[in-house]
Amino acid sequence: MGQGTCSELSTPLRSVIFSCLDVETTGLNPHFGDRICEIAILRCLDGNPLDSFQTLINPGRPLSPGASAVNGITNEMVRGAPHFREIAHSLLQILEGTAIVCHNAPFDMSFLVTHLRSLQLPIPTNPVVDTLALARKCFSFSSNSLGNIARHLGFSVENEHRAMGDVHMTRKILKAFLENLEGKNIKTLETLLAAQGYRFGLHLVEPKAVTLPPAVE
């Protein structure tokens, strides 16, 4: 498969490799210069982990006090970390041939696209599954934050607001959602994307557009 492609949309969900992805950032908006300071990816098949990738990233600018208070990442922690350009190609290789999964995908993807465009790298065309959109469209939780959904489903919440902790929660939530939706005849990637209510792709992200996380909203 070519860079950033995925299986046909008619592929059964049990055969799709999903890349659960989360970024931690220096602030809320890449348009105002905020950047990624941590990224994690957990690839899974039929709900089971395959492999993972995680690293702190030197954002080239200080973290805002608000961001640091939420994610616990300090300027000292990222000072010796690699810059995004040093991990970009490895990141694209990991995502190749998968469907990307995020909780509030426009937020994470806006940062990822901003970094890739700054390096003049190709923007992948992977399908993007948004567990926040699925929660809003297909379920009725008291709050659609990642931690609240995980708790509601009976999952332990560990290392919340750190990239790898959040992707582990995203994987568990995705697996639970797919098991529920299978009974509603949502069994292919195409029907899953239809269920979330919108089609999303990294190549469609506008650099100035960013959707805030539910807690901030």
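Me: In S2, which residue is the bridge partner of Cys20?
Reply: This is a predicted model, in which local features need pLDDT of at least 70, side-chain atom pairs count only at pLDDT 80 or more, and totals for chains, interfaces and linings use all residues. Residues are numbered from 1 along each chain as its sequence is written, and side-chain values use heavy atoms, leaving out hydrogens and water. S1 and S2 pair in the antiparallel sense over nine bridges, where strands (E, at least two residues) are DSSP runs numbered from the N terminus and two of them pair if DSSP finds at least two bridges between them. Within S2, the bridge partner of Cys20 is Leu42.

Me: Over how many bridges do S2 and S3 pair?
Reply: Ile39 stands opposite Thr55 in S3, and in the hairpin of S2 and S3, with two residues between the strands, Asp46 takes a positive phi near 55 degrees. Strand S3 covers residues 48-56, and its antiparallel pairing with S2 runs over eight bridges.

Me: Why is S2 described as largely enclosed by the rest of the structure?
Reply: Buried means under 20% relative accessible area, with a 1.4 Å probe and protein chains only. Strand S2 spans residues 36-45, and it is largely enclosed because the number of its ten residues that are buried is nine.

Me: What is the distance from the backbone oxygen of Gly27 to a polar atom of the side chain of Thr25?
Reply: Thr25 lies in strand S1, residues 17-25, and is buried, with a relative accessible area of 6%. From the backbone oxygen of Gly27 to a polar atom of the Thr25 side chain, the distance is 2.5 Å.

Note on methods: Helix = DSSP H or I, 4+ residues; strand = E, 2+ residues; numbered from the N terminus. Buried < 20%, exposed > 50% of the residue type's maximum accessible area, 1.4 Å probe, protein only. Polar contact = N/O pair within 3.5 Å; in protein donor to acceptor, adjacent residues only side chain to side chain.
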